[in-house]
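The sequence and the structure come next.

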Amino acid sequence: MKKAEQSLRLAPSLIDLTAETRIALETNLRDIPVPTPFFKLNAFMEGGLRGFVCLGGAPGVGKSVLAQQIALMAPEYEIPVLYVDLEHSWTFLVLRMLASYKGKTIEDVKSMLKKEGSGVGNGETGTLNLPPYLHMLTAWSGPVLPEDIIFNIRTLADKGKPILVIIDSLQKLPIVPGMQYRESMNTWLRELEAIKNRYGTTILVVSELSRGEGGKGYATPGLHSLKESGDIEYTAEQILLISPTNEEGWFRIFLAKNKYGPKGEVSGALYSHENIKVWRWKEVVVERSMAISTPGDRVERKRRGKQ
């Protein structure tokens, strides 16, 4: 599983589709949803994540935390996961995953590892084991390329089971040599879509949102609010956006696009961090009358009041 640690050159043809076994067609995995940790969100999406999914939110809102929770839960359903982190080191990623999985702080995890005499850098974590079927790649030892993802999908492939690939994040994907940023981004999106179609995988990419007008805040959730994301609004089949409410620490989740079901706000639920020091989200079921408004709601109310 060290394939992605090597620096590979980008070939003119990234994927020779004609040479691959038709795994997706043989196992018919495209229609199997990948559950999230949240009941209301799963119900709204009629089962969970499907196809090519984008998860968007402002920097620091906790997009990666949610993506990691999804990655940690999927193996409970025997869904193999490949988590590609393009920003952090292997050690930091493992510590975050362990903290989320065990419901501990990173400092707690470090203390537990120290007591056991285990380390992270050598791949040994003592009794603090992560779920089976969870595999992780980082870009710290060289760029992660489509060939690396394919190599690991082949390793994870188990006939009859879907595979979840998480890319964190879209904006951190390496620039294809000789291309401008947007052209490179769209090339990556095409290659990821080809991987999804060939292997029947669900692909979740994490993306930042653009700042609002004048750079004084983040845009109201919508396809227009995805930052420097190329043609993701066309490629993605589901787009989930995390939006703050007027209560600090509380958020809503919107489906700005959903090829497989309804769009709009996930009704009857709000989302918050389980504990500011623990890397996990929680879903809180609320009555509609108790729902907290977003900045966009308040702008809309002011607009109507002027009419």
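How many bridges join strand β1 (residues 52-57) to β6? Four bridges join them, and the two strands run parallel. Pairing here requires at least two DSSP bridges between two strands. Strands are DSSP runs of E with at least two residues, helices are runs of H or I with at least four, and both are numbered from the N terminus. Within this pair, Leu240 of β6 stands opposite Leu55.

This is a predicted model, in which local features need pLDDT of at least 70 and side-chain atom pairs pLDDT 80 or more, while totals for chains, interfaces and linings use all residues. Residues are numbered from 1 along each chain as its sequence is written, and side-chain values use heavy atoms, with hydrogens and water left out.

Now follow β6 to another partner. Strand β7 (residues 250-258) pairs with β6 over seven bridges, in the antiparallel sense. Leu241 has Phe254 of β7 as its bridge partner. The two strands form a hairpin, with five residues between them. In the turn, Gly249 has a positive phi of about 90°.

Strand β6 spans residues 238-244. Six of its seven residues are buried, so the rest of the structure largely encloses this strand. Buried means under 20% relative accessible area, exposed over 50%, and partly exposed in between, with a 1.4 Å probe and protein chains only.

Turn to helix α7 (residues 181-199), where Ser184 lies. Ser184 counts as buried because its relative accessibility is 1%. Its neighbours in contact (heavy atoms within 4.5 Å) are Pro174, Ile175, Val176 and Met179, leaving aside residues up to four places away in sequence. The Ser184 side chain also reaches the backbone nitrogen of Val176 at 2.8 Å.

Notes. Polar contact = N/O pair within 3.5 Å; in protein donor to acceptor, adjacent residues only side chain to side chain.
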